[in-house]
Amino acid sequence: MSKNSKLITGPINLNNPITVQVLGICSALAVTVKVEPAVVMSISVTFVLAFANVLISLMRNTIPSRIRIIVQLVIIAFLVIVVDQVLKAFAYDVSKQLSVFVGLIITNCILMGRLEAFALGNKPFDSFLDGIGNGAGYAIILIIVAVFREFFGSGSIWNFKIIPQSFYDAGFMDNGFVILPPMALIVVGIIIWIQRARTKELIEEN
Amino acid sequence: MNTNSNLYTFLYASILVIIVAAILAFTAVTLQPLQKKNIRVEKMQNILKSVGIDATVENAEELYSKNIKQDMIVNTSGEKTEGKGFDVNMKKEGKTALKIKAINIKLLKANKAEKKVLNTELTDLKSKLKLPVYVCEKEGKTFYIFPQRGKGLWGPIWGYISLEEDFNTINGAVFDHKGETPGLGAEIAQSWFSDPFKGKTIFEGDEFVSITAHKGGKDAAKLAGDLKHGVDAISGGTITSKGLEAMIKEDWFFNYGSYIKKNKK
């Protein structure tokens with residue numbers, strides 16, 4: 001496998017930001033009640049992550065190491081505000097969908113984690129691929145959790161009713177517990193369990 | 001070059017911040033007209049939606065000028081005052097309304113001397129409050145649209161409730177919010193939540209009873225036996241549901257009381 005494709009596929013499984021690096025859990029709990037916001041959130045995070053990675057990578061040799069975290073934060077906040085403003089002007093509906101979560105991208109630990117661990121020491125194009133890869137890894141987990149929670153919590157997927165009315169008439173009820181944040185944590189936990197059990201590289205000795 | 005010297009660090013930080021600030025200011029200023037237009041069009045769409053007219057972004061302005069015949073401001077005594085309702089700053093009025101509510105609560109526990117002070121304050125605030133009303137004529141019928149403003153869990157919530165000519169039956173309602181939790185509180189903006197408002201009444205005899213949001217999942221209002229004034233609340237969005245209920249009952253809509261009673265049939 002070439003180095004570049006490894007940068008993309010690595011974070012999807014072996015080095016997944018949520019299940020292996022355990023970053024970005026906070027937003028994984030918050031936006032996964034429905035599939036739609038989860039997808040839009042994933043796209044926004046991927047976009048910001050890729051470009052923040054590129055910018056930091058371009059600046060990596062000039063950044064004074066004592067203030068590098070603040071510089072990273074400024075770049076992330078800058079990109080997030082630009083995304084927010086552009087969405088408000090050209091995609092007003094999407095911007096309303098995401099509401100506070102666009103701003104919350106700033107606090108997503110995946111961003112700082114990748115900038116610190118990768119972009120500071122690698123070339124711009126590699127950093128770009130790393131950003132896309134980690135965004136994709138984040139997106140996959142978010143969407144799996146969101147599908148599960150929306151299906152069991154609201155009986156629908158992407159706002160379309162999946163569970164027919166006749167089920168409800170027969171006494172079936174949506175599971176309110178699935179809508180609450182702890183269930184997202186449990187689902188993420190189960191995904192980690194399955195992934196670790198099936199992937200040899202992730203099984204720890206002792 | 002030594003990238004760790006103090007001078008370099010200071011210069012680096014200053015220049016970075018200035019560049020970023022300049023780009024952001026430029027973006028914000030260039031995009032502002034577009035954003036303002038979006039907000040204006042959305043307001044028109046929401047007003048129209050509360051009387052059952054679905055307007056797209058393109059035809060909202062046209063449909064608005066065709067259907068909304070009157071756009072006025074009333075005061076808390078129910079008299080029409082100067083100005084256009086569309087231009088009223090709802091954020092500011094919402095704050096005044098919340099102050100009025102706070103004083104009303106204080107009045108319950110106040111002694112005689114305090115009451116006098118509070119009452120002057122209350123009269124002053126009430127005289128300042130601007131309440132917009134839109135009058136819509138559609139297919140030979142007249143509807144009265146009342147904007148709403150209240151508090152959700154994370155920030156403001158607002159909406160439009162349209163009443164039929166009897167000033168009692170709700171013809172339609174739309175709600176929106178700044179930043180309620182997607183999938184939970186944010187559901188107030190969905191039609192499954194606002195549709196059941198249609199046909200509910202806000203008066204029981206001459207008493208303003210408002211609308212109650214009932215907890216307990218699907219058909220909670222039905223189970224509570226409150227079909228005339230009750231709707232289903234949102235599971236997992238309790239504080240938003242309660243905020244919306246309060247918005248109609250005591251934060252905002254009740255200020256229209258005199259105006260509605262004057263016209264009620």
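Student: Where does B:Asp54 lie?
Tutor: B:Asp54 sits in the loop between α1 and α2 (60-67) of chain B. Helices here are DSSP runs of H or I with at least four residues, strands are E runs of at least two, and both are numbered from the N terminus. This is a predicted model: local features need pLDDT of at least 70, side-chain atom pairs count only at pLDDT 80 or more, and totals for chains, interfaces and linings use all residues. Residues are numbered from 1 along each chain as its sequence is written, and chains are lettered from A and ligands numbered from 1 in the order in which they are written.

Student: What makes β3 and β4 of chain B partners?
Tutor: Two strands pair if DSSP finds at least two bridges between them. Strands β3 (residues 131-138) and β4 (residues 141-151) of chain B have five bridges and run antiparallel. In β4(B), B:Tyr144 is opposite B:Val135.

Student: Why are β2 and β6 of chain B at the edges?
Tutor: The open sheet has six strands, ordered β2-β1-β3-β4-β5-β6 (chain B), with antiparallel pairing. β2 (80-81) and β6 (170-177) of chain B each have a single partner strand, so one side of each lacks a neighbour in the sheet.

Student: Which strands does helix α1 of chain B touch?
Tutor: Helix α1 (residues 6-49) of chain B packs on the sheet, touching β1 (68-74), β3, β4, β5 (156-163) and β6 of chain B. Touching is contact: C-beta atoms, placed from the backbone, within 7 Å.

Student: Which residues touch the most other members of the largest nonpolar core?
Tutor: A:Val48, A:Ala52, A:Leu142 and B:Ile145, in a core of 93 residues. Such a core is a set of buried Ala, Val, Leu, Ile, Met, Phe, Trp, Tyr and Cys residues joined through C-beta atoms within 7 Å. Helix α3 (residues 35-59) of chain A gives the most, twelve residues.

Student: How many residues does each chain bring to the contact?
Tutor: Chain A brings 25 residues and chain B 26 residues. On the chain A side, α4(A) gives the most, with nine residues.

Methods
Two residues are in contact if their C-beta atoms, placed from the backbone, lie within 7 Å. Axes are lines fitted to C-alpha atoms, for helices over the stretch in contact, and angles run from 0 to 180 degrees between N-to-C directions. A residue is buried if 20 or more other C-beta atoms lie within 10 Å of its own, exposed if 12 or fewer, and partly exposed in between; C-beta atoms are placed from the backbone.
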